[in-house]
Amino acid sequence: MWPNRLFSPLPQQMSLEAVPSTPLSLLKHNCLSCLLSFHLLFFCLMFQTVQSHKPHFLALHCQEVGGKNFEESMSHVDNFVKELLSSDALKEYSRARVYLDENYRSQEHFTVSGLSDEAEIALRISLIRRLRLTLHSHSVKKRTFCGCNSVCFSPRSSPFITVDLPSSSAKKFRKVVGKETCSETLESTPTLEKAKFPQDYFPECKWSRKGFIRTRWAMADCAFDLVNIHLFHDASNLVAWEKSPSEYSGTRQKALAYVLDRITDQRYEKLPFFVFGDFNFRLDSKKVIEKLCSDATMQTIRTDNNEIHKLVFQETDNDRKVILQIEKKLFNYVNQEVFREDNGTSLLEFDKELSVFKERLHEQEIGFPPSYPYSEDSSQGKQYMNTRCPAWCDRILMSPSARDMLLKPENEEKSIVYDNIGPNVCMGDHKPVFLSFRITAGAGKPNANKHKCCVVQ
């Protein structure tokens, strides 16, 4: 059963000295276990992104760190964080907060994971330099950095303040000084809120570690929440194909609604928020297959128990060429270019899962190809694996009030950038996604001035 208390009180908030506008970067990357094999390439491309956008605040979310051998994987995570924090490329970020969910022995508390037999460490990193925010699956700028196993960095010139909200008497901002790592059990960390989804939400009754982590930040008179999330995947391509929308889509919808209800309830003051991570959003499989195979015939191959084992789609002419084969974990389409051409925009009409939340969540226009599932062969950086229908699983979303915070100067091109990292090289099975933008102090927060007392001048 879902325990009464799986999370610490509410996220801590952070605050910075006021400036006319603040550049922000949010960055989300999945499968850090893969990145560790290519960590030099990952660091190189991530640092290039940081240098290109120069965010004052950087939030980085990583997940799926580990495998079946949890203890062995922990050392890789530690090394990854140490290399990141000590890198010359991020030396301007003099302040950092790292949140590592390493309590892998606790089935009850361990969050942001994959299947029940896998470990996943939530890595959250926050870096602070000045008053600029970048929200990514990787997020950097002068320089604050956050992630799901998370780290926070800040430059000497800009104070960074956090606030924890365990009770009405503790709603005060705390100045972030130096670089600190919070790990082991995050339940006792007063500066964040962490929760797994209730056990009855899990599609196959396997209580894995998917859930969310929230932290609260303040800069000058502008405050907001960062929420890292991991929703449920499609366990079977065959089940996803059966109806439109699929049953997996309904499960994700229920879980995302759960998170939104939690972060907008009456326990704490409502603030603008950004939600980023692996939403596992999938294209409407039935509708996509109908489009891809509109002129094909379908053959159903069954097991001895009369269960569907495989679907084979063949052209009606051209020697009945096979164009698509589907099994539980096989999606082998003959022409992958349809997912890459023009960034796959012809298939965005089948990306419908977010439409249910159109009044509660907003997203910048997608201008990059589906972020999953890429080949993990280092020589095939643009190739998708034949395991799932490619989809935009990795996203950075925001509340209406957060959208209103984004500064869009008329004389600046590309002031808001929503893109992926490493489009042509292997970055693991998920491509990192980032959002870089500027915010105006106090924007999106009617009562922003009341926090001025918390700002270090």
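How do the residues of the lining of the largest cavity divide into nonpolar, polar and charged? The lining comprises eight nonpolar, two polar and three charged residues, where Ala, Val, Leu, Ile, Met, Phe, Trp, Tyr, Cys and Pro count as nonpolar, Asp, Glu, Lys and Arg as charged, and the others, Gly among them, as polar.

The model is predicted; local features need pLDDT of at least 70, side-chain atom pairs count only at pLDDT 80 or more, and totals for chains, interfaces and linings use all residues. Residues are numbered from 1 along each chain as its sequence is written, and side-chain values use heavy atoms, with hydrogens and water left out.

The protein contains eight helices and 22 strands (DSSP runs numbered from the N terminus, helices being H or I of at least four residues and strands E of at least two). Of its 457 residues, 61% are buried (under 20% relative accessible area, with a 1.4 Å probe and protein chains only). Among contacts (heavy atoms within 4.5 Å) between residues at least 6 apart in sequence, 76% join residues at least 24 apart.

Two cavities of 30 Å³ or more are present. A cavity is a set of points, on a 1 Å grid over the protein atoms alone, where a 1.4 Å probe fits but cannot get out; lining residues have an atom within 4 Å of a point. Grid points are joined across faces, edges and corners, and a volume is the space filled by probe spheres set on the points. The largest cavity holds about 100 Å³ of space. Of its 13 lining residues, Asp234, Asn237, Ala240, Ser285 and Cys389 lie nearest the centre. Helices H4 (237-242) and H6 (285-292) each supply at least two lining residues; H4 gives the most, with three. The second largest cavity holds about 40 Å³, and its lining has six nonpolar, two polar and one charged residues. Among the residues lining this second cavity are Phe331, Tyr333, Gln336 and Arg388.

Helix H5 (residues 247-263) has 17 residues and should span 24 Å at 1.5 Å a residue, in agreement with the 25 Å between its end C-alpha atoms; the expected span is 1.5 Å times one less than the number of residues. Twelve of the 17 residues of H5 are buried, so the helix is largely enclosed by the rest of the structure. The buried residues include Tyr248, Arg252, Leu256 and Ile263. Strands E11 (193-196), E12 (211-219), E13 (222-230) and E14 (273-278), together with H4, pack against the buried residues of H5.

Terms used
Buried means under 20% relative accessible area, exposed over 50%, partly exposed in between (1.4 Å probe, protein chains only). On a 1 Å grid over the protein atoms alone, a cavity is a set of points where a 1.4 Å probe fits but cannot get out, and a pocket is an open set with protein on both sides within 12 Å along at least five of seven lines; lining residues have an atom within 4 Å of a point.
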